Amino acid sequence: ALTMLTLLLRLQMHVLGRQSLLDERPGPGEEPELPGAEGGEEGEGAAMNLAERHRLLSLTYEYLLGDGLKTLADAVRGAVAHALQDWTVATQKKVPFGDFRAVVQDMRAFVEAGGAADRSAGSDPGAEEDHLDAADGEGAAASPLIKFLVHPQARTAAAQSAPVRRCLQETWDLAESPFFLCALQESLDRVFELALDSMRGRYFEADAGVVNPETNPAAEAPRAGAGGEPILLQPPLAHIITAIQKESTKILDTTDDGRCTADSALYIAEIGKLESVNALCNAAFGLEEL
């Protein structure tokens, strides 16, 4: 959810940035037309006012932060049940990091393959089919994750002003494009890598808090390692469940003044460094067209 929201924010800001630049650079005698936009409509080149910009942002994020997020949560719950069907707190006294990594990767693959997502796509059985028919090319069909981002009826929303329609249409076109899918895949790879590295360092290595026998007596005692490499522990499943909840809260929480926490800021900054994300932003801004 954090990754998709971050990418969508970057994408939309570049779409709006190009719109503002084009508004300031009219052609001789007429407003410039955005590449790929349907022209010929009165007011097509008009600039968006503040109310229209607010409306655009609302139309873009209300689904992802509402029903889309709820559906994604249901999909993840299904993935957890699938991946941990043989794990119990009573029997899983020790969890090697390799097993933990494999389970997390299994959960991710299950959601991204549509295994749990198909069972929680919504009450309308035809919504998914309608959405795929409306998508350009094969973008939406390439990743079930798009259904959590773009509402099935996004392209048939109530009539809006021409500038809002144009920017919204372009946002969805880019969200269903190979540029976005490539950026989403690389971003998820990086985010999961960071999250697993963080979990390993904080809860599976010998200097992590799990070695305290008073708070976690079932943890494996640290041993001397060859070459100075970190000693990996095998904490119990009950401790790992608590640790995951704690890590998730730190990533998704905000500070008292509404800002991102240091943990979420790290993930967001790493996403911004990826080559595919910059390619997506360049495609959205349309540097070659200006």
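**Exercise 1. Is Lys273 buried or exposed, and which residue does Lys273 pair with in a salt bridge?**

Step 1. Start with the surface. Lys273 has a relative accessibility of 59%, so Lys273 counts as exposed. Here is the rule: buried is under 20% relative accessible area, exposed is over 50%, and partly exposed is in between, using a 1.4 Å probe and protein chains only.

Step 2. A quick word on what you're looking at: this is a predicted model, where local features need pLDDT of at least 70, side-chain atom pairs count only at pLDDT 80 or more, and totals for chains, interfaces and linings use all residues. Residues are numbered from 1 along each chain as its sequence is written, and side-chain values use heavy atoms, with hydrogens and water left out.

Step 3. Now find the partner. Lys273 makes a salt bridge with Glu270, and their closest N and O atoms sit 3.1 Å apart. To qualify, a side-chain nitrogen of Lys or Arg must be within 4 Å of a carboxyl oxygen of Asp or Glu.

Step 4. Glu270 has a relative accessible area of 14%, so Glu270 is buried. Salt bridges with shared partners join Arg190, Glu193, Glu270 and Lys273 into one network.

**Exercise 2. Work out where Glu193 and Arg190 lie, and how far apart they are.**

Step 1. Look for the element: both residues belong to helix 9. Helices are DSSP runs (H or I, at least four residues), strands are E runs of at least two, and both are numbered from the N terminus.

Step 2. Count along the helix. Glu193 and Arg190 are three residues apart, about one turn of the helix.

Step 3. Confirm the pairing: the closest N and O atoms of their salt bridge are 3.2 Å apart.

Step 4. Read off the accessibility. Glu193 is partly exposed at 39%, and Arg190 is partly exposed at 23%.

**Exercise 3. Which parts of the chain does the salt bridge between Arg108 and Asp189 link?**

Step 1. Get the distance first: the two side chains meet at 2.7 Å, N to O.

Step 2. Arg108 is in helix 4 (residues 97-112), while Asp189 is in helix 9 (residues 178-204). They are 81 residues apart, and the pair links distant parts of the chain.

Step 3. Compare with the cut-offs you already have. Arg108 is buried at 14%, whereas Asp189 is partly exposed at 37%.

**Exercise 4. Describe Thr60: which helix is Thr60 in, and what does Thr60 touch?**

Step 1. Thr60 is in helix 2 (residues 50-61).

Step 2. Its relative accessible area is 0%, so Thr60 is buried.

Step 3. Leave out residues up to four places away in sequence, and Thr60 touches Leu8, Gln12, Leu168, Thr171 and Trp172. A contact here means heavy atoms within 4.5 Å.

**Exercise 5. Where is Ser143, and how far is its C-alpha atom from that of Glu112?**

Step 1. Ser143 is in the loop between helix 6 (139-142) and helix 7 (146-149).

Step 2. With a relative accessible area of 13%, Ser143 is buried.

Step 3. Ser143 and Glu112 are 31 residues apart along the chain, and 6.7 Å separates their C-alpha atoms.
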